[in-house]
Amino acid sequence: MSETLIEVRNLEVRFPIKTKGLFRSKTVELRAVHDVSFDIKRGETVGLVGESGSGKTTVGRAILRAIDPTSGHVIFHGPGGDVDVAELEGQELRAFRQRMNMVFKSGPVELSALTGEALRLFRPRMSLVFQDPYSSLNPRMTVRDIIAEPLVAGGIMKNREEIDQRVREIAARCKLNLEHLRRFPHAFSGGQRQRICIARALVSRPDFVVCDESVSALDVSIQAEIVNLLKDLQEEMGVAFLFIAHDLSVVAHISHRVAVLYVGSFVEYAPTRSLFFHPRHPYTHALLSAIPQADPEAGFEPIRLQGEIPNPLAAPSGCRFHTRCPFAKPRCKEEKPDWREIAPEHFVSCHFADDFDFARPQG
Amino acid sequence: MDAILTVENLTISFRTDEGTITPIQNVSFQVGRGKTLGLVGESGSGKSVSTKALMRLLPGTAMIAPDSRMAYRAKDGRTIEIEKLARNGKAVRRLRGGEIGMIFQEPMASFSPVYTIGNQMVEAIRLHRGLGRRQARAEAIDMLAKVGISSPEARIDQYAHEMSGGMRQRAMIALALSAGPALLIADEPTTALDVTIQAQVLELMGGLQQDLGMAMIFITHDLGVIAQIADEVAVMYLGTIVERGPTKEIIRDPKHPYTQGLLEAIPSLESLDHRLKPVPGDIPSPGERPSGCPFRSRCGQAIEGLCDKEVPLETTFGAARAVRCWLHEERGRSAA
């Protein structure tokens, strides 16, 4: 558990945006992710929460290199030796490809520097589960072909029998019927489809999977079932998850540690219990107060934040939250707060975090 | 109860290639004037189909059974029998929007992308309330301000795609309310929103409801949301209401095994160390409805020889609560 799998250092993602001017168009940069640093350990689940537009998905995709980070490092620690795949090019890389398994079993690898071939070889170690189980499955492929696709596309396995074997094994783990493998996705319910997506993500035995709003579209009962399944699979296979969701109670149930994102920056990162019961950042506190409780006796007094989420094109100076923070002081407007460790493993970015402890009653 | 809407024995069937299916069976409920009814259930339980029937928005393949009744008390005091209206007649068009408003989960689908928000609101206000163009515009600006949209004078001339998700949702509420409905059907209006925005929208809807004295049917699968906004709850499973009653009582003391299961499946911060408890199994499709009690295929307490043979009767507890489960009937208790 304590071994670090992924190190994210000063990750920065910017998108160029063309705006219409009167005579000519102007290009401005949208800073979707700004100076994000954190670690993910082997076999752990890190939850990522924040309002829409805060950059949750962009962080997940930048780690997978599904989009290119503008700057910063994403370092992947494979088990075993010490070969840096990031430096490999041309001939050397092709030679390396022959010993592919060695590539994957060596590390650390700097993902943000990988390109083309090397990146394609690397991908099977990581995977992604999407939000919508209806649109992320090809309706013309059988479930068997869908699950087998990462193996075929990544060139991991060529032998049809081997592939079948692996698909059957992962399908059984994801509680899919072997009978189902011959059918097409339209015949399945939402929960079953999401299990197919999970099987596809795990078939190449990755070390790391990004689950992007994977349970958000599901009913509460199916949601509980998928959360349990992900936890079981993690225990069996030792895979690490980055779990992105806007439903905070679900994140609390599945994650070991949780990070809170606000307009592209981390405001707090802590072990689940500390974050939910002793939040130190005013934004985390406000976010938690807005969770509706099923108990009608429990008080529901969401903290009303002033105004809207700022436009990332014109992010506020200093602390990005100062425009909506009920505790903001002049210093917050001028000076960007440091990212600091306020308690063991509890990181926060707020000048006055020492003054706050928004403790909540613990059940 | 002073009911604005009384639905009795609503049964809806669809003709499909595989034969006739009946996604809604014998549904009865009432909505009190100015009150909120929460409609809860998994996808496929028939929540949306039954409310679409109230607006006569079902496709032509749908058949409403002859003994179904949907009685709506209009603003002028007349009772409208919705089931008897012609599907595309004038009377239905007056009902939609003006008497019964509707908001949906996806606001982008309710707005036309080629007209401004203001264009669409002014049209609705003029049509349903007979105001002049200038008055209607003033009314629309007023309504946008009421739902908490800043600088409504400028926003009114924007298109739906120029707004953020939360603002669009609020604009849609303003659009639905601008026609002045006495009953609002809200179909998962907050499901796609962030918790902070969701809290704002819920607060807003609760407040507006009090100001306007409007009744609401609030459809959601989130019991946390229901607990905050609904006076009464009806729990639907596979096209039937299995339990109904006041929200507080149902959440504190659920009587139907399905309601109990739904409540237990909710992830809560109080039980972080426990494994989540899903309701076992999947909801069957309406074409594969089990005989007897529809929930028996997933119920841990099903009684053999009773639950698989006969549809449970409705057992009442006091004036307001009712449950359809053999466990609460004499015959079930003696057999168990």
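**Notes on a predicted two-chain model**

1. Let's start with the overall make-up: chain B contains 11 helices and 13 strands, where helices (H or I, at least four residues) and strands (E, at least two) are DSSP runs numbered from the N terminus. The radius of gyration of chain B is 21 Å, close to the 20 Å that the globule rule gives for 336 residues, so chain B is as compact as a globular protein of that length. That radius is taken over C-alpha atoms, and the rule is 2.2 Å times the number of residues to the power 0.38. The C-alpha trace of chain B spans about 70 × 50 × 40 Å along its principal axes.

2. A word on conventions. This is a predicted model, in which local features need pLDDT of at least 70 and side-chain atom pairs count only at pLDDT 80 or more, while totals for chains, interfaces and linings use all residues. Residues are numbered from 1 along each chain as its sequence is written, and chains are lettered from A and ligands numbered from 1 in the order in which they are written.

3. Next, the sheet. In chain B, 8 strands form an open sheet with mixed pairing, in the order 7-8-9-3-10-11-13-12; two strands pair if DSSP finds at least two bridges between them. Strand 7 (100–103) and strand 12 of chain B stand at the edges with a single partner strand each, so one side of each has no neighbour in the sheet. On average, neighbouring strands are turned by 20° against each other, direction ignored. Angles otherwise run from 0 to 180 degrees between N-to-C directions, with axes fitted as lines to C-alpha atoms, for helices over the stretch in contact. Helix 6 of chain B lies across strand 7 and strand 8 (183–187) of chain B, at about 170° to strand 7 of chain B.

4. Strand 12 (residues 314–317) and strand 13 (residues 321–324) of chain B run antiparallel and are joined by 4 bridges, with E314(B) opposite R324(B). The hairpin has 3 residues between its strands, and G318(B) in the turn has a positive phi of about 70°. Strand 13 of chain B also pairs with strand 11 (residues 240–246) of chain B, in the antiparallel sense over 2 bridges; here R244(B) stands opposite A322(B).

5. Which elements of chain B touch chain A? In total, 35 residues of chain B are in contact with 34 residues of chain A, contact being C-beta atoms, placed from the backbone, within 7 Å. Helix 7 (195–212), helix 8 (223–229), helix 9 (247–252) and helix 10 (257–265) of chain B each give two or more residues to this side. The largest share, 5 residues, comes from helix 8 of chain B.

6. In helix 5 (residues 143–153) of chain A, the buried residues include I147(A). The buried residues of helix 5 of chain A pack against helix 6 (160–173) and helix 7 (190–202) of chain A.

Notes. Two residues are in contact if their C-beta atoms, placed from the backbone, lie within 7 Å. A residue is buried if 20 or more other C-beta atoms lie within 10 Å of its own, exposed if 12 or fewer, and partly exposed in between; C-beta atoms are placed from the backbone.
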